[in-house]
Amino acid sequence: AKAFVNTGFSTKDSLSHLWLSLKLFQQLIAFHASDAAPDALIDVDLERISWVMNNAVFANKAQYYLNALYAVAHNHSATPAAQQAWYLVAKYYADKAASYNALQDTANRYDYVRATTIIEQRLKAQPAVCEGNINMQALLSNILQRHINLKGEAVNIPAQPFRIYVNYSNTDTLYMRLIKQSEVERMPAGRRDTAFWQSISALPFLQSFVQPLPQMNDHQKHAVEIKI
C-alpha cells in the first residue's frame, strides 16, 4: 500500500490540483487513523487508491493498485467495510474481461471467472450487509446474466434449411418453435413485453426443436450458426 503512494507526480507539481488532491487524501487518512472504528479510514483510503489509479502515470500501475486493495482487504479482514476493497478487485478483473475479443484479443478471456470466484468466496466469508457486498452481488448478477440474440439471413431459398446466427452467453440450450408469420400478424399490435412473448408461446407452431450450444465456461459472449 505504501508503494502506491508513489504517484509519479513531482514536487514541481505542488501547486497543481493533482498534488493538492493527494495531500488532502493523506491528511484525511491521518485524521481517521486513530478512529475507534476503521470504517471511515477504509473508505477514504479506497478513495485515495482509486484516485491514484485514475490519475497517476508510472510503470506497473495496475499491479500497485491491486496490491494496495489487497492490503486494505487483509489488514481489515474482520471489518465489513473492507468488503468494498474486494469489490474493487473483482471489478478490476471484470473490466479486463470486458475487453475480450475472440478475433483480436483473448488475453483476458477468463477474468470473469476470476471475478466471480473472488465474489463468491468473499460473500461466503463475510456475509454482513454492507456496501461492498451489495456492489459485489450486483456485479455477480451482471456477469451471470443470460443473453441470447438471433439473426436470420435476409434472403433464403423456399423449402430449404437456412442459417440462424446465435449470439449468447451463460446459456447452454436453445429451445425453438417455428411459427407462421401470419399467426403473429393476427395478434394485437403493442409492446413486445413479457405478456407479448407469453402470447407468442401459446400460438400453434409448425415445428419445435432443441439446440445445445457450445459451453465455453467463461461467461463471455460467443456465437454459432445453426441450421433451421
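Helices (H or I, at least four residues) and strands (E, at least two) are DSSP runs, numbered from the N terminus. This is a predicted model, in which local features need pLDDT of at least 70, side-chain atom pairs count only at pLDDT 80 or more, and totals for chains, interfaces and linings use all residues. Residues are numbered from 1 along each chain as its sequence is written, and side-chain values use heavy atoms, with hydrogens and water left out.

Start with the charged pairs. Side chains of opposite charge can pair when their charged atoms come close. A salt bridge here is a side-chain nitrogen of Lys or Arg within 4 Å of a carboxyl oxygen of Asp or Glu. By this rule there are six salt bridges.

One of them joins arginine 48 to aspartate 45, at 2.8 Å from N to O. Both residues sit in helix 2 (residues 39-55), three residues apart, about one turn of the helix. An α-helix has 3.6 residues a turn, so residues three or four places apart point the same way. Burial is set by relative accessible area: buried means under 20%, exposed over 50%, partly exposed in between (1.4 Å probe, protein chains only). Arginine 48 is buried, with a relative accessible area of 5%. Aspartate 45 is buried too, at 14%.

Aspartate 218 forms a salt bridge with arginine 109, and their closest N and O atoms are 2.6 Å apart. This pair links distant parts of the chain, 109 residues apart. Aspartate 218 is in the loop between strand 4 (207-212) and strand 5 (222-227), while arginine 109 is in the loop between helix 4 (83-97) and helix 5 (111-125). Aspartate 218 is buried, at a relative accessible area of 1%.

Next come arginine 163 and glutamate 225, which meet in a salt bridge at 3.3 Å, N to O. They too link distant parts of the chain: arginine 163 is in strand 2 (residues 163-169) and glutamate 225 is in strand 5, 62 residues away. At 42% relative accessibility, arginine 163 is partly exposed. A network of salt bridges links Glu153, Arg163 and Glu225.

Now turn to the helices. Helix 3 (residues 61-75) has 15 residues. From first C-alpha to last, helix 3 reaches 21 Å, close to the expected 21 Å at 1.5 Å a residue. The expected span is 1.5 Å times one less than the number of residues. Buried residues in helix 3 include Tyr65, Leu66, Ala68 and Leu69. Helix 2 and helix 4 are among the elements that cover the buried residues of helix 3.

Helix 4 holds tyrosine 93. Tyrosine 93 is buried, at 7% relative accessibility. Contact means heavy atoms within 4.5 Å. Leaving aside neighbours within four places in sequence, tyrosine 93 is in contact with Leu66, Tyr70, Asp111, Arg114, Ala115 and Ile118.

Last, the largest pocket. A pocket is an open set of points on a 1 Å grid over the protein atoms alone, where a 1.4 Å probe fits, with protein on both sides within 12 Å along at least five of seven lines; lining residues have an atom within 4 Å of a point. The largest pocket has a volume of about 770 Å³, a volume being the space filled by probe spheres set on the points, which are joined across faces, edges and corners. Its lining has 22 residues, and Arg177, Leu178, Ile179, Trp197 and Ile200 lie nearest its centre. Strand 3 gives the largest share of the lining, five residues.
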